[in-house]
Amino acid sequence: MIPATLIAAATFLLWCLLSGRMDRWGVSAPLVMAIAGGAVGIGAHGAIAEALNTGAAQRAAEIILAVLLFVDATHVRGSLLGRHPRLVLRSLLIGIPVGLALSVVVGWLLLPHLGWSVLLLVACVIAPIDFASAPSLLRDRHVPARVRDVLTVESGYTDGLVTPVFLFALYWAGPGHGDDDPAPALLAAAPQAAIALAVGAALGAAIAAGVQYTERAGLASESGRRLAIAATPLLTYAAAVGLGGNGFVAAFVCGIVYRLRRGAETSDDVGLTDDVGFLLAAAMWFVFGSVAVVGLFDGVDWRTIVFVAAALTVLRVLPIAVAMTGSGLPRKQVLQLGWLRPRGTSTIVFALIAFNTLPDGPVADLTLTLAVLVVLGSVVLHTVGVPVAIAGHDRRVRGRA
């Protein structure tokens with residue numbers, strides 16, 4: 001593991017030192033880290049699989065998810081739902097459930113041997129959108145500002161809203177629960193979610209009040225305040241787990257409540273936490289590159305490829321089309337909302353948690369493979385394909401001028 005850590009750290013350091021130039025070239029840190037991880041994975045296949053399937057790896061993935069969910073919840077600037085709240089609510093409250101349902105149905109048609117519980121788990125794994133690997137899409141002048149705003153807000157909330165369903169599916173598909181009866185899993189997951197909601201809300205409100213008081217009283221320096229917020233998701237995760245709740249759901253709720261209490265001042269507090277989240281996301285992309293080797297080592301069935309292709313196309317566009325029916329949004333912008341939905345860090349972390357929780361065997365391996373292929377396909381489609389298509393469009397426009 002020491003050589004892998006050395007390569008990961010050196011790669012990230014090099015990207016950081018060249019980040020200005022890399023940004024202009026459209027080369028993101030996740031993309032570079034994934035390539036480096038893949039190179040390591042080629043030479044260490046067995047060791048990586050062994051390291052991933054441990055309790056320590058499971059706990060590390062949960063803590064990283066807690067930090068990322070907290071960051072996402074505090075990341076939206078301006079109002080809580082952005083400048084187009086009705087469109088955001090349609091996308092979140094209609095688009096997400098429709099997308100999960102369609103993913104389960106298509107999965108049942110193509111991969112029925114997985115069972116309903118694992119199909120729901122897979123649907124949750126591939127649901128969140130993440131622009132870490134394709135940040136330029138949110139700055140591209142070819143994408144209307146309204147579309148960019150909705151996507152920005154949605155990317156901050158999808159993983160948090162999917163997480164309770166993911167937790168239920170994890171219990172349902174995990175050892176000790178029958179695939180035909182979701183009731184025991186629901187009874188097991190519901191108390192954890194309730195405790196997480198209470199812990200996250202209480203800590204978010206208490207920490208926001210504490211930050212405001214110490215700020216007014218001059219008791220905390222700016223760096224001290226930033227460090228306190230960076231420790232908040234870890235505190236929330238540990239408190240929720242200690243009380244029998246779910247740590248990453250609590251961290252997401254804590255971030256939302258903190259954001260509501262602090263308002264615009266949140267941006268001054270979470271700078272360090274954003275950087276920590278970026279570092280952890282980069283680490284997960286390195287792991288993803290290594291995992292890709294594990295997931296693809298034994299080949300891929302055609303049904304798996306068809307499901308992944310559907311997940312990157314129709315299972316994204318159709319739910320958004322349903323959600324935006326009657327909204328008055330132009331058809332072209334509805335299509336953009338459906339297409340410009342890259343997958344990334346949350347899918348990787350969800351997949352690692354699922355891989356560790358499911359019983360060892362072909363089902364766990366296939367779940368990991370599906371996530372790997374969806375993220376790889378998203379990288380090709382959104383990090384490479386969309387910018388190339390936009391550049392080609394510009395050349396055609398200039399040629400006609």
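# Close-up legends for a predicted model

**Figure 1.** The second largest cavity holds about 40 Å³ of space. The model shown is predicted, so local features need pLDDT of at least 70 and side-chain atom pairs pLDDT 80 or more, while totals for chains, interfaces and linings use all residues. Residues are numbered from 1 along each chain as its sequence is written, and side-chain values use heavy atoms, without hydrogens or water. The second largest cavity is lined by F288, V291, I348, A351, L352, L368, A371 and V372. Helix 13, helix 17 and helix 18 each give two or more residues to this lining; helices are DSSP runs of H or I, at least four residues, numbered from the N terminus. The lining of the second largest cavity consists of eight nonpolar residues, with no polar and no charged ones. Here nonpolar covers Ala, Val, Leu, Ile, Met, Phe, Trp, Tyr, Cys and Pro, charged covers Asp, Glu, Lys and Arg, and polar covers the others, including Gly. On a 1 Å grid over the protein atoms alone, a cavity is a set of points where a 1.4 Å probe fits but cannot get out, a pocket is an open set with protein on both sides within 12 Å along at least five of seven lines, and lining residues have an atom within 4 Å of a point. Volumes are the space filled by probe spheres set on the points, which are joined across faces, edges and corners.

**Figure 2.** The largest cavity, with about 170 Å³ of space, is one of two cavities of 30 Å³ or more in the structure. Its lining comprises 20 residues, and G99, L100, A127, L315 and R316 lie nearest the centre. Two or more lining residues come from each of helix 6 (85-110), helix 8 and helix 15 (314-323). Helix 6 gives the most, six residues. By class, the lining of the largest cavity has 11 nonpolar, five polar and four charged residues.

**Figure 3.** The largest pocket contains about 1000 Å³ of space. Of the 40 residues that line this pocket, D130, F131, A132, P135 and F278 lie nearest its centre. At least two lining residues are supplied by each of helix 2 (19-25), helix 3, helix 5, helix 8, helix 13 (271-296), helix 17 and helix 18 (362-400). The largest share, five residues, comes from helix 13. The lining of the largest pocket divides into 20 nonpolar, 13 polar and seven charged residues.

**Figure 4.** Rings of Phe, Tyr and Trp (its six-membered ring) pair if their centres lie within 6.5 Å; planes under 30 degrees apart count as stacked, over 60 as edge-to-face and the rest as tilted. W108 is partly exposed at 42% relative accessibility, and W116 is partly exposed at 40%. W285 is buried, with a relative accessible area of 1%, as is F288, at 4%. Buried means under 20% relative accessible area, exposed over 50% and partly exposed in between (1.4 Å probe, protein chains only). Elsewhere, ring pairs link F12, W15 and F278 into a cluster.

**Figure 5.** E154 and R341 form a salt bridge, with closest N and O atoms 2.2 Å apart. E154 lies in helix 8 (residues 145-173) and R341 in the loop between helix 16 (331-339) and helix 17 (345-357), so the pair ties together parts that are 187 residues apart in sequence. Both E154 and R341 are buried. The structure has six salt bridges, each a side-chain nitrogen of Lys or Arg within 4 Å of a carboxyl oxygen of Asp or Glu.

**Figure 6.** R59 is partly exposed, with a relative accessible area of 41%, whereas E62 is buried at 13%. E222 is exposed at 52% relative accessibility, and R226 is partly exposed at 29%.
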